[in-house]
Amino acid sequence: MAVVTGWHRCSRLLLLGSGAGRGGLSLQSCLLNKHPSCLFSTSTRSRGLFSAIVGKARYVNEKYQRFLERKFPRFYLLYSTFMKGFRLLMSEAKEVGQIKVKMAQENLQFYELPYREMEKVRQFRRDVIKAAPVILLSLPPFANYLVFVLMYYFPRQMLIRQFWNPNQRTEFLKVYHGMRVEAYPEILNGLLKALPSATEKTVQERLQQLLAKFQQGSHPEISHLLEVAPAFTVSPLSMRHLTTQQMKALSRVMFLTPRYPSFILRRRIRSHTYELHQLDVALLKIGVKELSEEELRTACYVRGLNSVEMSSAECRTWLSQWLKLSNKLKEPEASLLLHSMFLLSANYPHATKR
């Protein structure tokens, strides 16, 4: 952003002096010498001057882009992707700002918003958190050049989704899901260790059967998950009693930083799980069929499924199953919803066959 700002400043300075030497007054001489024709300019003339400046700036910018494309094609690709991403980010910031104003005016809470507005606010908040280090790094003089170098060599780590090209988006989403998969063994191990501590013998047996089938590659039925829900309301599987190791593994599945102290980890996991449940409630009101393909894939991916290479029909089937489970769970059973990001995704046949 600092690069773009610096470029526009330069173009404005060039434009201020571009009128001199052509038989007319430059804007600079008009301001410094207080020429009478400038002092008594009408609003029409001002608008014409502004239009001329905008037109000139657009011409200079297009010429600059053609120069980059011709002389530095690889840099031009980065530059054009950055500009498109910047415009998209500003557009989303404007939309989120309007949503915030609406919430303030109508005294609405986050969970009272429609699904698409909830999802936009949630995703934008996470984007801003990720982009904050890059923005801070670009503030010192000439640091923007370092930022561009880092963007070029580390696009996944440095850039947010608005600045990814289509190929990068597919590649990076696969990489991030691979990081979730690395946490699966720890989550399963935590569930197996909790088996002997289940309070009810019947629930303990059902959970043991479910995990045994899961280890053999079986995808659990929603009805079977609901049967073991009581085990996730008490120690050691309830949200209040999860161990630090379990919370770190589950944080990685939710794309949360696992390096915080345990009390912060627990609060963040609880907050994001409840937020996800609120999104599910809002999504149920509009129905899965009303989602666009991109919204559908994003919804599945956020809930733990690698939806990058799945068909729309497969994504819709999985998301319908997820919502069926989420709709039946109560607040004390939030830990089961959290673990279902692993249980409903790891062995899903349409995702694992690819």
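Buried means under 20% relative accessible area, exposed means over 50%, and partly exposed is in between, with a 1.4 Å probe and protein chains only. I start there because Gln168, at 18% relative accessibility, counts as buried.

Two remarks on the source. This is a predicted model, in which local features need pLDDT of at least 70, side-chain atom pairs count only at pLDDT 80 or more, and totals for chains, interfaces and linings use all residues. Residues are numbered from 1 along each chain as its sequence is written, and side-chain values use heavy atoms, with hydrogens and water left out.

Now the chain as a whole. Its secondary structure comes to 17 helices and zero strands; helices (H or I, at least four residues) and strands (E, at least two) are DSSP runs, numbered from the N terminus. Of the 354 residues, 40% count as buried. Contact means heavy atoms within 4.5 Å. Among contacts with a separation of 6 or more, 64% come from residues 24 or more positions apart.

Back to Gln168. This residue lies in helix H9 and touches Pro155 and Phe163, not counting residues up to four places away in sequence.

H9 also packs against another helix. The axes of H9 (residues 166-194) and H10 (residues 201-215) come within 10 Å and cross at roughly 150°. Axes here are lines fitted to C-alpha atoms, for helices over the stretch in contact, and angles run from 0 to 180 degrees between N-to-C directions. The crossing angle therefore makes H9 roughly antiparallel to H10; the classes are under 35 degrees for roughly parallel, over 145 for roughly antiparallel, 65 to 115 for roughly perpendicular, and oblique for the rest. Which residues make the contact? From H9 they are Leu188, Leu191 and Leu192, and from H10 they are Leu211, Phe214 and Gln215. By class, that gives five nonpolar, one polar and no charged residues. Nonpolar covers Ala, Val, Leu, Ile, Met, Phe, Trp, Tyr, Cys and Pro, charged covers Asp, Glu, Lys and Arg, and the others, Gly among them, are polar.

Next, the cysteines. How many disulfides does the structure hold? The count is zero, where a disulfide is a pair of cysteine sulfur atoms within 2.5 Å. For Cys300, the closest cysteine sulfur is in Cys315, 4.5 Å away, too far for a bond. Cys300 is buried at 0% relative accessibility, and Cys315 is buried with a relative accessible area of 0%.

Leu283 sits in helix H13 (residues 262-286) and is buried, with a relative accessible area of 0%. Leaving aside neighbours within four places in sequence, Leu283 is in contact with Tyr115, Leu291, Arg303, Leu319 and Leu323. Between Leu283 and Met118 there are 165 residues of sequence separation and 9.8 Å in space, C-alpha to C-alpha.

Last, the backbone. The peptide bond from Ser235 to Pro236 is cis, with omega near 10°, and Pro236 lies in the loop between helix H11 (222-227) and H12. Asn107 has phi near 55°, a positive value in a residue other than glycine. Asn107 is in the loop between helix H5 (73-106) and helix H6 (115-137) and counts as exposed at 62% relative accessibility. Phe255 has a positive phi too, near 60°; Phe255 is in the loop between H12 and H13 and is partly exposed at 32% relative accessibility.
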